[in-house]
Amino acid sequence: MNAFTHNLPAEITNQVAMLATLPLRELRALWLQYFGQPASTQNRTYLERHLGYRIQEVHFARFNPELIQSNKARIESLMHMAQAAAKPVQDDRIKMVPGTTLTRDYMGKTHTVIAHPDGTYNYKEKPYRSLTAIAQDITGMKWSGPDFFGLRPKRVRSRSKS
């Protein structure tokens, strides 16, 4: 038992304890009653745990609505702080001026790619959505298109001596 269960009336404690004895169809009916929508799972443990939590939450909301509101405000504040602190996602896609022509010599052949205004590429008179797809078509293996066409600086790998 924890500090919260000491403050629960016996009827709430009994209702939560009773969940383990109910048939699955009754658990699902309670779910609909407490959550306002059908349960998305048949997992009994999941239903019991979430219903037990929700029953207590509803009780505490009636018993101490200020606590619920202050908790919601605190959660929103933490979420806002986390969003502000989150780093923007880096967009690694290469953007090229339409008409840009890329050439690459590979295995004794020169391969030419032309960038289009809609972000697609033309290689051997076929449209491609990415440079990576073209690089894979040329080499027959997984290869980063921007790396293949030399659009990114080469990464220096450090070797550590063991």
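**Entry 1: the aromatic cluster**

I began with the aromatic side chains and found that ring pairs link Tyr-106, Trp-143, Phe-148 and Phe-149 into a cluster. I note at once that this is a predicted model, and I read every value below with that in mind. My search of the whole structure returned 7 aromatic pairs.

Which ring does the charged end of Arg-104 sit over? I looked this up and found the ring of Phe-148, with the charged end 4.2 Å from its centre. Arg-104 has its place in strand β1, and I recorded it as partly exposed because its relative accessible area is 22%, where buried would require a value under 20%. Along the chain Arg-104 and Phe-148 are 44 residues apart, while their C-alpha atoms are separated by 8.1 Å. Setting aside neighbours within four places in sequence, I listed the contacts of Arg-104 as Lys-109, Thr-110, His-111, Trp-143, Phe-148 and Phe-149. That list includes Trp-143, Phe-148 and Phe-149, which also belong to the ring cluster.

I then noted another arginine placed against a ring: Arg-54 lies over the face of Phe-35, at 5.8 Å from the ring centre.

**Entry 2: the largest nonpolar core**

I next examined the largest nonpolar core, which has 13 residues, and noted that Val-113, Leu-131, Ile-134, Ile-138 and Phe-149 touch the most other members. The elements that give two or more residues to this core are β1 (101-106), β2 (109-115), β3 (121-123) and α6. Of these, α6 gives the most, with 4 residues. I followed Ile-134 in particular and, not counting residues up to four places away in sequence, found that it touches Val-113, Tyr-121, Tyr-123, Tyr-128 and Phe-149. Apart from this core lies another, of 12 residues, among them Leu-19, Leu-27, Trp-31 and Ala-39.

**Entry 3: helix α3**

Within α3, I found Leu-27, Leu-30, Trp-31 and Tyr-34 buried. Why do they belong to the same side of α3? They cover an arc of only 110 degrees around the axis, and therefore I placed them on the same side of the helix. The buried residues of α3 pack against α2 (10-18) and α4 (44-63), whereas the face turned away from the buried side carries the exposed residues Arg-25 and Gln-33. Just after α3, I noted that Gly-36 takes a positive phi of about 75 degrees.

Most residues other than glycine have a negative phi. Lys-124, although not a glycine, has a positive phi of about 55 degrees, and the phi of Glu-125 is also positive, near 60 degrees. Lys-124 lies in the loop between β3 and β4 (126-128), and Glu-125 is found in the loop between β3 and β4 as well. Are these residues buried or exposed? Lys-124 counts as exposed because its relative accessibility is 63%, and Glu-125 is exposed with a relative accessible area of 76%.

**Entry 4: Met-141**

I looked up Met-141 and found it in the loop between α6 (131-139) and α7 (145-148). I recorded Met-141 as partly exposed, because its relative accessible area is 42%. Leaving aside neighbours within four places in sequence, Met-141 is in contact with Tyr-106, Ala-135 and Gln-136; Tyr-106 is also one of the residues in the ring cluster of my opening entry.

**Entry 5: the whole chain**

Last, I stepped back to the chain, which has 7 helices and 4 strands and follows the pattern α-α-α-α-α-β-β-β-β-α-α along the sequence. Of its 162 residues, 21% are buried. Among contacts with a separation of 6 or more, 28% are between residues 24 or more positions apart.

Conventions:
Residues numbered from 1 in each chain as written. Predicted model: local features only at pLDDT ≥ 70, side-chain atom pairs only at ≥ 80, totals over all residues. Heavy atoms only, no water. Buried < 20%, exposed > 50% of the residue type's maximum accessible area, 1.4 Å probe, protein only. Contact = heavy atoms within 4.5 Å. Arc of directions from axis to C-beta. Core = buried A, V, L, I, M, F, W, Y, C linked by side-chain atoms within 4.5 Å. Phe/Tyr/Trp six-rings, centres within 6.5 Å; stacked < 30°, edge-to-face > 60°. Lys NZ or Arg CZ within 6 Å of the ring centre and 35° of its normal.
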